[in-house]
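User: I would like to learn how to read a few local features in a model. Please give the general idea and then the case at hand.

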Amino acid sequence: MDDFYVKLKELLNDLNYGTITIVVQDGKVIQLEKNEKVRLK
């Protein structure tokens, strides 16, 4: 589970706009998905 928190922190630090989805199967985290939005000004 420590790997989960380390990877989640990395994703959060790298994300400006978007979402992070945690996928759970049989009560265990199996996947983290990052969807980043790029805003053009």
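This is a predicted model: local features need pLDDT of at least 70, side-chain atom pairs count only at pLDDT 80 or more; totals for chains, interfaces and linings use all residues.

User: How many aromatic pairs does the structure hold?

Analyst: A pair of aromatic rings is described by the distance of the centres and the angle of the planes. Rings of Phe, Tyr and Trp (its six-membered ring) pair if their centres lie within 6.5 Å; planes under 30 degrees apart count as stacked, over 60 as edge-to-face and the rest as tilted. The structure holds one such pair. Phe-4 and Tyr-5 are edge-to-face, 5.1 Å centre to centre with 65° between the planes.

User: Is Phe-4 buried or exposed?

Analyst: Buried means under 20% relative accessible area, exposed over 50%, partly exposed in between (1.4 Å probe, protein chains only). Phe-4 is buried because its relative accessible area is 14%, whereas Tyr-5, at 49%, is partly exposed.

User: In which sense do strand 1 and strand 2 pair?

Analyst: Strands (E, at least two residues) are DSSP runs numbered from the N terminus, and two of them pair if DSSP finds at least two bridges between them. Strand 2 (residues 28-36) pairs with strand 1 in the antiparallel sense, over eight bridges. Asn-35 in strand 2 is the bridge partner of Thr-19. Two residues lie between the strands of this hairpin, where Asp-26 takes a positive phi near 55°.

How values were computed. Residues are numbered from 1 along each chain as its sequence is written. Side-chain values use heavy atoms; hydrogens and water are left out. Helices (H or I, at least four residues) and strands (E, at least two) are DSSP runs, numbered from the N terminus.
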